[in-house]
Amino acid sequence: MIPIFKPHLYQESKDLAKQAIDAGDIAQGPNIELFEKEFASYCSREYGVTCSNGTTALYLAIKALNLPKGSQVILPSMTIVSCLTAIVENGLEPIFCDIDPITYNIDFTSLESKITSKTTGILIVNTYGLVVDTEKLLNLREKYPHIKVIEDASESHGASHKGVKAGTLGDISIFSFYTNKIVTTGEGGMILTNSVETYNKLLQLRNLNFIDRKKYIHSDIGFNFRLTNVQCAIGLGQLRNIDRTIKERKRVALEYNTYFSNTPAIQLPFEDENYNNVYWYYGILIKHNYAEVLTALTVNQIDYRHFFYPLHKQPFINSKENFKNSEYSFDSGILLPIFNNLTSQEIKLISKTILNAL
């Protein structure tokens, strides 16, 4: 089978991880703070705080903002359930909005229609390697300066819009380092902020709110959401080679484009002079024969994923709201394999399989 992703670990990651293991620093160690500083610097942020995964990073990021319990946070319906989880588990009310049908990012008209006197936060998600429209976001923030913005940049390491890089858009931003991400630590996450007060709060929350570790005295309820020194060693090697990873993603995307660009039945991933797409996944919309395409991929042992199932349609919510772009994207979207070592022959097989089915 051709997998949908395959992590590529650079030699630098392996060497740094081995050094940490040989030194006995498998849990705590110098790579943690080093990774935090280098990643924050890469994203033009002051402070970084590693976490055990992207979900815990989202949870802590929202918790650190101390939004009033019961207030509302708006998020796109077509995104990972972790976004919803982080809002609900912080005692906040999630309010869904639709996505843009071209970029699959949040639709700002739909978003603004959901703002009420109860709105205290907006969760922006950079989807499938594309940063949201930063000018529209800036205009929205100027219009509603009291509303906090949380940026989920988990799918957009290194991406940018008009030169504004992912990880700089919100009052607080988070990344995931899961194994399929552009920078991976296997499992892992990072919170970025420019506020020293928020930074210190996150450090405490992540580490059980210790006051005195030797005496096991705590200032409040806290969490063990730490990332290990070995994982951060892997992350350092990945981060220092991120340009190579993005170059390979763009290579794969360009090869897919050569097969699909003249096919009216396929909507390609969006990229132009303003949007620097890093192609976390290569997502396409199939305008007809969708079921036949899925069957053909399965028969040829080619792995794929659907677009995110809309949150408002999840069986434990089953809202009666209608977000046509989110629903259509799920009904016709396919995420295709993309990783460093995907060969031109494999890309040809995947592409021809889809074209033949159409």
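H3 supplies the largest share of the lining of the largest pocket, 3 residues. Before going on, some ground rules: this is a predicted model, where local features need pLDDT of at least 70, side-chain atom pairs count only at pLDDT 80 or more, and totals for chains, interfaces and linings use all residues. Residues are numbered from 1 along each chain as its sequence is written, and side-chain values use heavy atoms, with hydrogens and water left out.

A pocket here is an open set of points on a 1 Å grid over the protein atoms alone, where a 1.4 Å probe fits, with protein on both sides within 12 Å along at least five of seven lines; lining residues have an atom within 4 Å of a point. The largest one has a volume (the space filled by probe spheres set on the points) of about 440 Å³. Its lining counts 22 residues, and Ile-80, Asn-180, Lys-181, Trp-280 and Phe-308 lie nearest the centre. Helix H3 (54-65), strand S8 (172-176) and strand S15 (305-306) each give two or more residues to that lining; helices (H or I, at least four residues) and strands (E, at least two) are DSSP runs, numbered from the N terminus. By type, the lining splits into 9 nonpolar, 8 polar and 5 charged residues.

Now for the second largest pocket, which holds about 210 Å³ of space. Its lining has 13 residues, with Gln-28, Ile-32, Leu-203, Arg-206 and Asn-207 nearest the centre. Two or more residues come from each of helix H2 (30-42) and helix H7 (196-206), and H7 gives the most, 4 residues.

Key. Nonpolar A, V, L, I, M, F, W, Y, C, P; charged D, E, K, R; others polar.
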